Each structure stands twice: as C-alpha cells, then as structure tokens.
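Take a moment to look over the fold before reading on. We will walk through it one piece at a time.

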Amino acid sequence: MYLGMACARRTKSLVSTCVILSGMTNIACLLYVGWVTNYIANVYVRTPEPVPEKKADGGGKGGETLRIIERLNRLESVVNKHIQETPQKPDEGGGSSLSDSSLFTRWGRDLSPDGRRTALMQFQYYGYNGYLSDRLALDRPIPDLRPDGCRNLSYASQLPQLSIVFIFVNEALSVVLRSICSAIRRTPSHLLKEIILVDDNSSNEDLKGNLQAFVAETNSQRPGLIRVVRHTKREGLIRARVSGWRAATAPVVALFDAHVEFNAGWAEPILQRIKEDRTRIVSPSFDNIKYDTFEVEEYPLSAQGFDWELWCRYLNPPKSWWNLANHTAPIRSPALIGCFVVDREYFEEIGLLDEGMEVYGGENVELSVRVWQCGGSVEVLPCARVAHIERAHKPYTEDLTAHVRRNALRVAEVWMDDFKSHVYMAWNIPQEDSGINIGDVSERKALRKRLQCRTFQWYLENVYPEMRVYTSTVAYGVLQNSLRSDLCLDQGPDTDNIPILYVCHGMTPQNVYYTSSQQLHMGVLSPTIDDDDNKCLVDVNGKPRLLECGYARARRMKLEWLFIQGGAIQNKKSKRCLELKEKSDSESGYQLALQQCSGQSWSITNLLVDRSS
Ligand SMILES: [Mn+2]
C-alpha cells in the first residue's frame, strides 16, 4: 500500500543508529543502518508520543526542538520493536512476537490470544491496526480540531464544486470506506460533485467485490457519486494521482490518500481560497490518526517544506503569519507534503505532476517549486483539517529510497539551477556520472521554458528563506585515509560528539562537507535556519570533536582545517593533523587522533568546481 504522505516530522541525526545497536556486530549494524535510514526517512513519523504543544505557545522553535528530542529518545524502542515487525502478508503466519509488538503497547490487552494473533497479522501487513479499524463505525465522530474563530467565518454563497480523488493500493477496506464516508458526511452535499477511487492494481480481494458493493449501494442513493478507476498494472502513487485527476469533472479537484478522515467544515475554506484565486494550491492542516488506537491526535499548525534530499517536512509557520495573531489565517507554504486541492484546469495548465517520476516521492516538491516559480502559490489552511493515518512501519514494499532519490534528481535537474548541487550533496552522489538514470527530463524543461518560470534562487529568497544553502562547499563525500581506505570518518555516537573511524558505508553519518572557509561539516545538511545543528570538526585541546558550527565559530575555536585532495588535514591554528593512530584493542586496529603531522593523506569523494572563481 502507499505510504502516501509519509512526511515527516522527520528528524535527522537519527541515522547514527549504530549507537543504539551496540549489541550487534559491525556488519549487521551496517546493513541495519541502511535499512534503518530508509525506515526512518519513510516511516519514523509515527511515534506514539510527542504531545503537540498547545497552540498558545506561539509555535516557537523551542517546542519543535523539544518534540525532536522526544522523538530521538524514542528511537531506540521504535527500532527495537521494528526488528520484530518486519511486515508479512496476513496469510503468512507471523505472530511470533505477540507480546512485544508496538501494536499492543497501548491497545488490545483484553484480546484473546487468537484475536491478538489476527490483529498482529493485519498490523504487520498494513502498518496500522486494521483489526480495530474493522470494528470502528465507518461514520464515527472525530473531535473538531479547528482553531477558535474558524466556526465563525463565512464563505461565498457560490463556491465551486469538488471532486475528491482517493488513491490506494492494498489498503484495508474499512480504512478506505471510512475515508469515503467522512468525505460524504463532512463535505456539504451541494459542493461534492463526485468521489473518484483510483485502485492502483491492488491484489486484496476485499477491494474488488466488497468495495464495488459499497459503491453500488452509495450510488443507489446518490446516483453517480462514486466512480472507480482501476489500473491494470501498478503505476505508483504519482501517476495514480494524475489518473484520478483525469477522471475528475468538477472545477476543483482534491487529491488524497485513502487513509484519512475529513474533519468538520474542511472544504469551504479551501474552495473559497481557490475561488478567489485559481492559481492557489491548497493543503489542509493535517492531524494524526494513531496507527494503533485510531485516536485522532492534534498536530500543531505548520507550513510544509522539504530538506535537501527533498524529503518533506513540517515547518514552523513564517513569522509574518504569527504576527497576524490570527490562527485562522492561511499559512503561506514553500511546499506541499502530498495531499492537496487544486483548480482542475489550472492544474493542467501548470503541468500536472511529473509523470516521468516513478512510484513515490519528490512529486510534491516538484509541483510546489513549479507552482511558485511559475506564478502560482501554495498555502495551508488552519481551518481545513484532515486526519491522516501515519503508519507504524512501511508495508512489505520494495525499497523506496532509490525511487525518491531518482525523483529528487529530476526535480534538481529541471528546477533548481545551480542549487541542484545541494541535492547531489545531500544524497552524497557525484554530479557528473552519478550512475543514476533519471530518465528524460526534456519535456519538463520545455514546460519550464513555456511557462516562463522564475529561478530557484528567486524561490529560495522569496518563498523558502528558511532553507539553508551551502554554496561555499568545495568538496563532499566520505573522507578516507590512505592507510586504511576501507575506513571512513564517521560522526559516531550522537551522544558524545566524538568522531570515529568506521567501515565505509557512505550514509549520512559519514557525509563530510569541506567549505571554502576551511570548515569540515559532518553528517546531515541541516535543512533550515530553524535547525541550526550542523556539526563541524574542531580541535578541542588536541582531541577531535564535532561541535555545532555556529557555537564553535562564536567561541573562536579551532575549526579551520587546511586540506587539499590527497593531502593532510591540518588544523590551521594548532597545526595538528587529523590522523590514524594504531590502537591494538580497537576493532580496526586504529583510532582517530590529532597529532604532529606524519604525512598521512586523506581523500574525499567529490570535488566541486568553484563557480565563483
Ligand atoms: Mn498517507
């Protein structure tokens, strides 16, 4: 099934998971890290806790930081649980870890062993509690989470009609039906022209006859309300959205995952904004349906953005919005996380979605930067609320990361001009001869030309000023010492700021960025100015340490390093060199040290041509 918007309150630095897997051997850990990186990027989202702070607290970044820390603290248990929950098909047994599953942390204590087994199999298959969903009313009430003031707003008497498109593959039938029921129940009937179900070639029998029966029953009361589009081969989420749009006939189209519940009054504010200006693409504010208990959890109001790998992320709304002191006001948003509402014809004029993308990921960023750069806008409405299930784990699908990366490179090549280097850097792949076939982008480039769109620089300055840029980077990749080229500099355990040597795997904890100001950054490229946590290599009393760059700079610490490819890494102030020192009791036989330069040399994977010279 689709992850749909597996957006995240994704935090970085989660990737140095080796730390918490201390019981494992290096190799197991290594394999695991890749897997975990993917897992976190896609799925981590669902943590049981982070209680959304009260809206009254101004949404300052303190709250966000706190949430991140809470999530970090939970990573260990999340990962440990996930080890036992590798998804299985429902008919493949399972149930080996009946009592350990995170499904039963807050739910199901009174269930019989048989019930638990059934529930667990469904959970492993769907990534949410299908067993419980089957037992909840399809038209259950959910709390009205609109901010104060929303209920008093009034809207034009003539609003455009809406087609709601739901896309799905192998979703639990009851979850799909609840999505449909909430759409029917909470959209004024005169505004809801039709519902289009796009089945991207599901294999679940449930989604055939039983779904069809439901559609027939509904249509007998409201003729023609629901239509079903069935793909005869798996097209992926991106093309499924477009085929839903093709089937739609109302002036406005809403494209959604099929694991949502619409909240009261969600449609009117959106239709009003699009009626006023058809070039606005609008997202509702999302709340969370907990994967285990199906309780609806309120999420703080957010804009939507992305990091340099183009994974989506929630952003604190811009200052200008907070200054309005009006929680019903539209939130100008750099991007969309995936589900959105758009004027049907405008969507075509602006170029739909990039159908050259595969499966999943990046299409939301492509649409967002395109709309902004080509004269439209994107916003999130606090008064329009939709609750969405964030899955506990990725279902047994193929690895999505490769698709996300390929799609991200398409966005970079077409829309980002010189800033495309940032996407390559973030994924840690060379800009030339990356070995990744991104397909043909000539049509998308022609579209950009035809629409006479602005530059990505303009977008960054005017739409996404929070995005952090790294134009001073001159080299990136992993850093290897000539003595042992199988070992790489690695940021090591998150807890102690001590870099280590580790078997090269090239994933985020080993990303190194050398800048024209002679700093060595390590780890993830901090995506926005609100999360200023880039780590720099610093000589602290003769010991290599990773400290927050801004902090080290402000205290005039020793964070500048002389380095040319194939040469030594020497601290500018202390003159000590970063080197490997023999250490018999360490696994590799070496440890990292700062010492008198003995002629050891280092190389970094990719050099960037300095464009400013
Ligand atoms: Mn989703």
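Two strands count as paired if DSSP finds at least two bridges between them. With that in mind, look at Ile289, which stands opposite Val296 in strand 7. This is a predicted model.

Start with the partners of strand 6. Strand 6 and strand 7 (residues 296–297) pair in the antiparallel sense, over two bridges. Strand 6 also pairs with strand 12, and here the two run parallel, joined by ten bridges. Is strand 6 (residues 280–289) mostly covered or mostly open? It is mostly covered: ten of its ten residues are buried.

Now follow the chain out of strand 6. Six residues lie between the strands in the hairpin of strand 6 and strand 7. Phe294 is found in that loop. Phe294 is not a glycine, yet its phi is positive, at about 60°. Why does Phe294 count as buried? Phe294 has 21 C-beta neighbours inside 10 Å, and a residue is buried if 20 or more other C-beta atoms lie within that distance.

Gln518 lies between strand 16 (512–515) and strand 17 (520–522). Gln518 is not a glycine either, and its phi is positive, at about 65°. Gln518 is partly exposed, because 15 other C-beta atoms lie within 10 Å of its own.

Next, go inside. In soluble globular proteins, nonpolar side chains tend to be buried together. Here the largest nonpolar core has 152 residues. Which members touch the most others? They are Val165, Phe166, Val423 and Val512. Strand 12 (residues 377–389) gives the most to this core, with eight residues. Look closely at Val512.

Move on to a helix. Arg553 sits in helix 16 (residues 549–554). Arg553 is partly exposed, because 16 other C-beta atoms lie within 10 Å. Arg553 and Cys536 are 17 residues apart in sequence, and their C-alpha atoms are 9.4 Å apart in space.

Finally, step back to the whole protein. There are 16 helices and 24 strands. Of the 613 residues, 50% are buried. Among contacts with a separation of 6 or more, 74% join residues 24 or more positions apart.

Methods. Residues are numbered from 1 along each chain as its sequence is written. This is a predicted model: local features need pLDDT of at least 70, side-chain atom pairs count only at pLDDT 80 or more; totals for chains, interfaces and linings use all residues. Helices (H or I, at least four residues) and strands (E, at least two) are DSSP runs, numbered from the N terminus. A residue is buried if 20 or more other C-beta atoms lie within 10 Å of its own, exposed if 12 or fewer, and partly exposed in between; C-beta atoms are placed from the backbone. A nonpolar core is a set of buried Ala, Val, Leu, Ile, Met, Phe, Trp, Tyr and Cys residues joined through C-beta atoms within 7 Å. Two residues are in contact if their C-beta atoms, placed from the backbone, lie within 7 Å.
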